[in-house]
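Let's take a walk through a protein model together. Have a look at the picture first, and then we'll go through a few spots in it.

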Amino acid sequence: MTPPVCVTIDVEDWYDGMEVLGVPVPKPDGARSGLTGLVEHLEATEGSPKVTLFVVGNYADEVSEELAGMAKAGHEIASHGPDHGRLPEDPAALVEWLRSGKEGLEDRFQVPVRGFRSPRFDRPTSQSLEQYREAVAEAGFEYVSDTHVMGKGSPVTELPVLVMHGFPIGGGSYQRLMPASVASGMVGRSVGPAVVYYHSYDFDATLPTLGSIRSVAEAKQLVGRGRVERAFSKILSRYGSKACVDVQR
Ligand SMILES: [Zn+2]
């Protein structure tokens, strides 16, 4: 039997990400976020698939209308942190940081935010996984989706992204490096919910053209991006998608 598939989208600004990497690229006026392109894909797929959107809090304002429309259509809003920075190491500051990401989205979209994914699937280096999971629960989340697994005893449900040979191949950034059929086949062989992830800017967002690339860091982020949409479509049409919140219950 095919496992349930959760297609998840990290909703963040590509240009902000480059700035965090220390390689700022000027953002054109009126740049498309990619969310409209994503909605077109979802609407064109039979069976009305539902996705989970892990939203970076400080980007929500810019894409507020698109996200409100998606929430209304039944897609899940979850948190990708109040910002795309590093997780605070101090335990109390961490809970506060996690909570502010959750409450900011709840206030804005008037929906419960139950899931969390850290900006780079990371966790505080000075805390054990157990302490980190406790902090996520204390902030009010019910589930977490990253690359770590604490297993039994975790105070929050764990929905790890699909990892194979140590690589999070459930991610669009990896799928652009392999044929769409390979990624799709791996999803079908997954044990338990197959959580795959993409970025909002994978869907016809305004990104620099390959000809304008000025750095290796930029090239690494852009090469093969166009192929991500193909892998996404293949997985979506073959398996459909459920929101994480509907799988963890
Ligand atoms: Zn991210």
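A residue counts as buried if 20 or more other C-beta atoms lie within 10 Å of its own, as exposed if 12 or fewer do, and as partly exposed in between, with C-beta atoms placed from the backbone. F121 has 17 other C-beta atoms within 10 Å, so F121 is partly exposed. Before going on, note that this is a predicted model: local features need pLDDT of at least 70, side-chain atom pairs count only at pLDDT 80 or more, and totals for chains, interfaces and linings use all residues. Residues are numbered from 1 along each chain as its sequence is written.

Now for the backbone. Most residues other than glycine have a negative phi. F121 isn't a glycine, yet its phi is positive, about 60 degrees. You'll find F121 in the loop between β4 (115–116) and α5 (129–138); helices (H or I, at least four residues) and strands (E, at least two) are DSSP runs, numbered from the N terminus. D204 also has a positive phi, near 60 degrees, and sits in the loop between β7 (194–199) and α8 (216–222).

Next, a pair of helices. The axes of α7 (residues 180–188) and α9 (residues 225–239) come within 9 Å and cross at roughly 40 degrees; axes are lines fitted to C-alpha atoms, for helices over the stretch in contact, and angles run from 0 to 180 degrees between N-to-C directions. Angles under 35 degrees count as roughly parallel, over 145 as roughly antiparallel, 65 to 115 as roughly perpendicular and the rest as oblique, so α7 and α9 are oblique to each other.
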